Amino acid sequence: MTLTCPQGHSSGDDEYCDVCGTPMPQPLATSGPEGSTGSPGSPSSSGSSGMPAPSGAAGSSGTSGSGGAGSSGSSAGPDAADDVCPICQTPRSGRFCEVDGHDFEAPPLDPVAPALWEAVVEADRAYYDEVIAQDGPDAGAVVFPPYCPERSFPLVGRQVRIGRSSRSRNSYAEIDLGRPPADPGISHLHAVLMAQRDGTWSLVDPGSANGTMLNGKPLQVNVPVQVREGDRIHLGAWTVITLRESAP
């Protein structure tokens, strides 16, 4: 179902506009017996504003499904559990889950001490000026936020997803860039930081609409790159994420 945001854009997301990031008007709760609140399945969108892509990376496609009689029967045998995401139970269609970004090929981690890393999110005016100078289709509607306080996110667990959380999509990002001031150039699942066995981290862009830059260089889609303390990740219209070693 397509909705219209307060700015007049069409959006497939009922929480935040896919174009400008503005919160969508929420319907009043009803107490009737109807009960069914699920909206009809809408096509998966990139959740982007059409901003010019720094890396030219296209969105991931990832189709799934096999049909017909005599199929190989992926649900049978000891490897059947590997064909669905252990987090959301979505059938596997590639290395990364299309819903929550789970890495199916990540090796199991040895027990290690808690990681002492953090991701610090800020708005970068110089990067914003470079993006707007490319004169994308929505460049005139994207305004640099007058106030965007620094935010810090700890890097814990096997993976840390960067994007926009959405209840309607049942997707969650540990580094949620969809909260005000929301960067309209961020995809729902834009990039993923993945923990390595030696305690380091790597970064991968699973197919965001506008691409991801690491220290000024565009990432290739689905090609993990090791990151280090002090690295700067640029994405969206103005967002920069700096990786730091946090105090123990």
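In the predicted model, Glu105 is found in the loop that links β2 (10–11) to β3. The relative accessible area of Glu105 is 48%, and the residue is classed as partly exposed because exposed residues must have over 50%. Apart from neighbours within four places in sequence, the residues in contact with Glu105 are Arg92 and Arg95. With Arg92, the side chain of Glu105 forms a polar contact of 3.5 Å. Gly94 is 11 residues from Glu105 along the chain, and 9.7 Å separates the C-alpha atoms of these two residues.

The protein chain as a whole contains 13 strands and one helix. Read from the N terminus, the order of elements is β-β-β-α-β-β-β-β-β-β-β-β-β-β. The chain has 248 residues, of which 40% are buried. Its accessible surface is about 13300 Å², and carbon and sulfur atoms account for 52% of this area. Of the contacts with a separation of 6 or more, 58% are between residues 24 or more positions apart.

The helix, α1, spans residues 125–133, and its buried residues are Tyr127, Tyr128 and Val131. Viewed down the helix axis, these buried residues fall within an arc of 100°, so they line one face of α1. Elements that cover the buried residues of α1 include β12 and β13. On the face turned away from the buried side, α1 carries Glu130 and Ala133, which are exposed. The N-terminal end of the helix is capped by Asp124, with a side-chain oxygen of this residue 3.0 Å from the backbone nitrogen of Ala126. After α1 comes Asp135, which has a positive phi, near 55°.

The largest nonpolar core consists of 22 residues. Within this core, the residues with the most contacts are Ile162, Ile175, Leu193, Leu203, Ile241 and Leu243. Two or more residues of the core come from each of the strands β3 (117–123), β5 (159–163), β7 (189–195), β8 (201–204), β12 (232–235) and β13 (239–245).

The surroundings of Ile162 can be listed in detail. When residues up to four places away in sequence are not counted, Ile162 touches Ala173, Ile175, Leu177, His188, Leu189, His190, Ala191, Leu193, Leu203, Leu235 and Ile241. Among these neighbours, Ile175, Leu193, Leu203 and Ile241 are also named with Ile162 as residues with the most contacts inside the core.

How values were computed: Residues numbered from 1 in each chain as written. Predicted model: local features only at pLDDT ≥ 70, side-chain atom pairs only at ≥ 80, totals over all residues. Heavy atoms only, no water. Helix = DSSP H or I, 4+ residues; strand = E, 2+ residues; numbered from the N terminus. Buried < 20%, exposed > 50% of the residue type's maximum accessible area, 1.4 Å probe, protein only. Contact = heavy atoms within 4.5 Å. Areas by Shrake-Rupley, 256 points an atom, 1.4 Å probe, with all protein chains shown as cover. Core = buried A, V, L, I, M, F, W, Y, C linked by side-chain atoms within 4.5 Å. Arc of directions from axis to C-beta. Polar contact = N/O pair within 3.5 Å; in protein donor to acceptor, adjacent residues only side chain to side chain.
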